[in-house]
Amino acid sequence: MVRLENSWDQVLSGEFEKPYYLALREFLKKEYRSGPVYPSMYDIFNALKWTPYEKVKAVIIGQDPYHGPGQAHGLAFSVKKGVPIPPSLKNIYQELSDDIGFVPPSHGCLEEWAKNGVLLLNAVLTVRGGQANSHQGKGWEIFTDTVISYLNQREDPMVFLLWGNNARKKQALVTNPKHLVLTAAHPSPLSAFHGFFGCRHFSAANDFLSRYGDPIDWQLH
């Protein structure tokens, strides 16, 4: 039984007993036994643990976790302090700097964002070491679609930042007109120059959120 120790436990009540999730759980048991899988099984749900349902102001959707040793820790695009900053995150920092004068930190840990209401949710929450996308199609997409659908139902406005084709597929789940959806190219070096740089999503998100309450403090320390 998964315990998130916050409001997500009630929101997702019953989800972890559904057949698709039980099948996913059996698959993951075998995967974790047979070789490196990232993140640690204790970090899989960190995005939900760090950002309770009612605290979400913005949702950033990644694809699947980093597949190198010591990188993934349950938050999309984030790595623990002391781990080299991945290229996609460097590009996110660059856009933040150009957009709002963000001063890039020396690390790639985004836990402060999670605490400040940014749900850093990968579409797939686990990956086999060294094999990107290796846990696609095993059930995680059903789970994360459910999470997004519950967020869509919320009355308090929030912003969905969807970067790249995989994230943009989630746009169909956001039907509530109270929310703002922002789409752009993925921040990876392969595509950042084709519509991510210059998207100004961070200032746009805060302009929107400022109408309803507190904007997000994007600066990291």
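Let's start with N206: buried or exposed? With a relative accessibility of 15%, N206 counts as buried, because the cut-off for that label is under 20%. Bear in mind that this is a predicted model. N206 sits in helix α8, which covers residues 201-210. Leaving aside residues up to four places away in sequence, N206 is in touch with P215, I216 and W218.

Now for the sheet. Four strands make up an open sheet, ordered β3-β2-β5-β6, and they pair in parallel. The edge positions go to β3 and β6, each with a single partner strand, so one side of each has no neighbour in the sheet. On average, neighbouring strands are turned by 20° against each other, direction ignored.

Here are the strands and their residues:

| Strand | Residues |
|---|---|
| β2 | 58-62 |
| β3 | 118-122 |
| β5 | 159-163 |
| β6 | 180-184 |

Strand β5 is joined to β6 by five bridges, and the two run parallel. Within that pairing, W163 stands opposite A184 in β6. Packed on the sheet is helix α6 (residues 140-153), which touches β2, β3 and β5. The direction of α6 makes about 155° with that of β3.

What about the largest nonpolar core? This core has 73 residues, and the members touching the most others are W8, F45, W113, L119, W140, F143 and L151. Helix α2 (residues 19-34) supplies the largest share of this core, six residues. As for L119, its contacts include W8, A47, L48, V147 and L151, again not counting residues up to four places away in sequence. In soluble globular proteins, nonpolar side chains tend to be buried together.

Conventions:
Residues are numbered from 1 along each chain as its sequence is written. This is a predicted model: local features need pLDDT of at least 70, side-chain atom pairs count only at pLDDT 80 or more; totals for chains, interfaces and linings use all residues. Side-chain values use heavy atoms; hydrogens and water are left out. A nonpolar core is a set of buried Ala, Val, Leu, Ile, Met, Phe, Trp, Tyr and Cys residues joined through side-chain atoms within 4.5 Å. Buried means under 20% relative accessible area, exposed over 50%, partly exposed in between (1.4 Å probe, protein chains only). Contact means heavy atoms within 4.5 Å. Two strands pair if DSSP finds at least two bridges between them. Axes are lines fitted to C-alpha atoms, for helices over the stretch in contact, and angles run from 0 to 180 degrees between N-to-C directions.
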